[in-house]
Amino acid sequence: MFNALSSLKARMSRPPVLVEGSEFSLAGEDAQWRVAAVRMLRGIPHALIEQITTGETKTMAISAILSNPAFHAIPSAARG
């Protein structure tokens, strides 16, 4: 049975990771994002992210992306 507690446990035991090629979405947005590159900026890991449909790019701290409550990783099996 899947409930809020099991969801919380799953997130705590398997934290999402952003590596080059990862895809994710943000709740409330129709767009999907892809991590184009990961690099260190001032000692903090940042991701160059690209919106898949428009090609728009942004650089954001990985911790800021992962801590966003709207973040939803897209499993590799779901891509295609």
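Figure 1. His-46 sits in strand E3, which spans residues 44-51. Strands (E, at least two residues) and helices (H or I, at least four residues) are DSSP runs, numbered from the N terminus. The model shown is predicted: local features need pLDDT of at least 70, side-chain atom pairs count only at pLDDT 80 or more, and totals for chains, interfaces and linings use all residues. Residues are numbered from 1 along each chain as its sequence is written, and side-chain values use heavy atoms, with hydrogens and water left out. With a relative accessible area of 14%, His-46 is buried (buried means under 20% relative accessible area, exposed over 50%, partly exposed in between; 1.4 Å probe, protein chains only). A polar atom of the His-46 side chain lies 2.8 Å from the backbone oxygen of Ile-44. Neighbours within four places in sequence set aside, His-46 is in contact (heavy atoms within 4.5 Å) with Ala-37, Val-38, Arg-39, Leu-41, Thr-59, Met-60, Ala-61 and Ile-62.

**Figure 2. Ala-47 in strand E3.** Ala-47 belongs to strand E3. Its relative accessibility is 0%, so Ala-47 counts as buried. The bridge partner of Ala-47 in E4 is Met-60. Met-60 is also among the residues that Ala-47 touches when those up to four places away in sequence are not counted; the others are Val-35, Ala-37, Val-38, Lys-58, Thr-59, Ile-62 and Ile-65. For Val-35, 12 residues from Ala-47 along the chain, the C-alpha atoms of the two residues are separated by 6.2 Å.

**Figure 3. The hairpin of E3 and E4.** Strand E4 covers residues 57-61, runs antiparallel to E3 and is joined to E3 by five bridges. Two strands pair if DSSP finds at least two bridges between them. Five residues lie between E3 and E4 in this hairpin, and Gly-55 in the turn has a positive phi of about 85°.

**Figure 4. The five-stranded sheet.** The strands form an open sheet in the order E4-E3-E2-E1-E5, with antiparallel pairing. E4 and E5 stand at the edges with a single partner strand each, so one side of each has no neighbour in the sheet. Direction ignored, neighbouring strands of this sheet are turned by 40° against each other on average; axes are lines fitted to C-alpha atoms, for helices over the stretch in contact, and angles run from 0 to 180 degrees between N-to-C directions.

**Figure 5. The aromatic pair Phe-24 and Phe-71.** The structure holds one aromatic pair. Phe-24 and Phe-71 form this pair, which is tilted, at 5.4 Å centre to centre and 40° between the planes. Rings of Phe, Tyr and Trp (its six-membered ring) pair if their centres lie within 6.5 Å; planes under 30 degrees apart count as stacked, over 60 as edge-to-face and the rest as tilted. The pair links distant parts of the chain, 47 residues apart: Phe-24 is in strand E1 (residues 23-26) and Phe-71 in strand E5 (residues 71-74). Phe-24 counts as buried at 1% relative accessibility, and Phe-71 is buried with a relative accessible area of 5%.

**Figure 6. The whole chain.** The protein has two helices and five strands, which run α-β-β-β-β-α-β from the N terminus on. Of its 80 residues, 25% count as buried. Among contacts with a separation of 6 or more, 29% are accounted for by residues 24 or more positions apart.

Definitions and conventions:
Polar contact = N/O pair within 3.5 Å; in protein donor to acceptor, adjacent residues only side chain to side chain.
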